[in-house]
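Please open the model in your viewer and keep the selection panel at hand. The stops below begin at a meeting of two parts and then step back to the whole chain.

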Number of protein chains: 2
Amino acid sequence: MSEKLIEHFKKYVAIDTQHETEILNFFQPKTFSKKANLINENTYCKLNFFITEGCLRMFFVNQKGVEQTIQFAIENWWITDYFAFESQTKTEFTIQAVEATNVLAIDYQHQEELLGKFPQLERYFRLINQRAYAASLLRTKYLYDFSGEEIYQHFYENYPEFAKRIPQHLLASYLNMTPEYLSEIKKKLRS
Amino acid sequence: MSEKLIEHFKKYVAIDTQHETEILNFFQPKTFSKKANLINENTYCKLNFFITEGCLRMFFVNQKGVEQTIQFAIENWWITDYFAFESQTKTEFTIQAVEATNVLAIDYQHQEELLGKFPQLERYFRLINQRAYAASLLRTKYLYDFSGEEIYQHFYENYPEFAKRIPQHLLASYLNMTPEYLSEIKKKLRS
DNA sequence: CGTTGGCTTGAGAGGGCTCAAGGCCAGTGG
DNA sequence: CCACTGGCCTTGAGCCCTCTCAAGCCAACG
């Protein structure tokens, strides 16, 4: 399971084989069943998660009381509320398992220690963050430019297998529309 | 002018005084007048910019042919299309000066060289990217949760001086609404 | 086999858009 | 220094995309 993380590191930076175990020792493997919460809204966000298997989502409860998913994460992705994680404050988000999920968790102090000991990982995380940031901006672009129908089509064409993997109402909440409206769009596209 | 960059580095990592000049030599100071383009859509995005004075915006032309601003950047911010910058591909965005603006520019190769020579800057950029990413997610949250009126109010309450600094139609395009509708909101809030 | 959660359908409503026109101010050239 | 022009902001009417609300249906699960 843990090899996935080392493999992922190695896509970006060099890691000595002899250090692999030491690096992995900084992490805590955890398993969560479907719908379990990894981090709760309004609590301190102490952990950063690397997903080795499964799928997580990050959501908040909007003014109307409805859960809005702002992010999904699957195998080989990192997820946490970086703002709360870094500043050691309470988060506005909940991170929840969409499926049964295995993660490697690391807390802030261990992460700092790890980065101090293996500075090349600063580069790894810089690149990861940069990508995540770029992806987030692209997402904003789509939300600005596309109608609901186009957003769904775009998503479906680019991630067909993922669209099937998650419940429709979660996809709707990620695409920023009601489940009813998503249903209507799908019907329209079918015909 | 250039001291601003060193100062900014020093907020996050340690820099030896004796290295400051060497570091600054990696950068090229540039000045742009209002409405000048720093990077054009559909060209290679070779530079990363640190703003020492002024204000830039990043926009794309949407399907209807209208410019949509997806980001502003002011003093002490970095801006580029990281996706195109990192992958050396053409960008979908234009970066333009909102006011007369001074920047320090660095191209991809020089940045890599700089990071190789001063690895502590990997940490600096990791933290910068992490913040940018966190901010981008928060922005998405606001767009998901708030109505146009609330988005404007929120922006105005949090950045009153900035709201006055930029033209209204650019603010409208950043807030994802038409200038006409922004005008209507302002009228409503006035009364 | 009954209950519950998720998906679908449909009618009605409204937030935000489009289009078109008018007014105001700043910058430019004479 | 003044007139003119073009860009920006405002107003209003009409419309459409997407939401709300309410009901029905189906599959999964205890």
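Begin where the two domains of chain A meet: 7 residues of domain 1 of chain A are in contact with 5 residues of domain 2 of chain A, contact being counted when the C-beta atoms of two residues, placed from the backbone, lie within 7 Å. This is a predicted model, in which local features need pLDDT of at least 70 and side-chain atom pairs count only at pLDDT 80 or more, while totals for chains, interfaces and linings use all residues. Residues are numbered from 1 along each chain as its sequence is written, and chains are lettered from A and ligands numbered from 1 in the order in which they are written.

Next, select strand E4 (55-61) and strand E5 (67-74) of chain A, each of which supplies at least two residues of the side of domain 1 that touches domain 2; strands are DSSP runs (E, at least two residues) and helices likewise (H or I, at least four), numbered from the N terminus. E5(A) gives the most to that side, with 4 residues.

Turned along its principal axes, the C-alpha trace of chain A spans about 60 × 35 × 30 Å.
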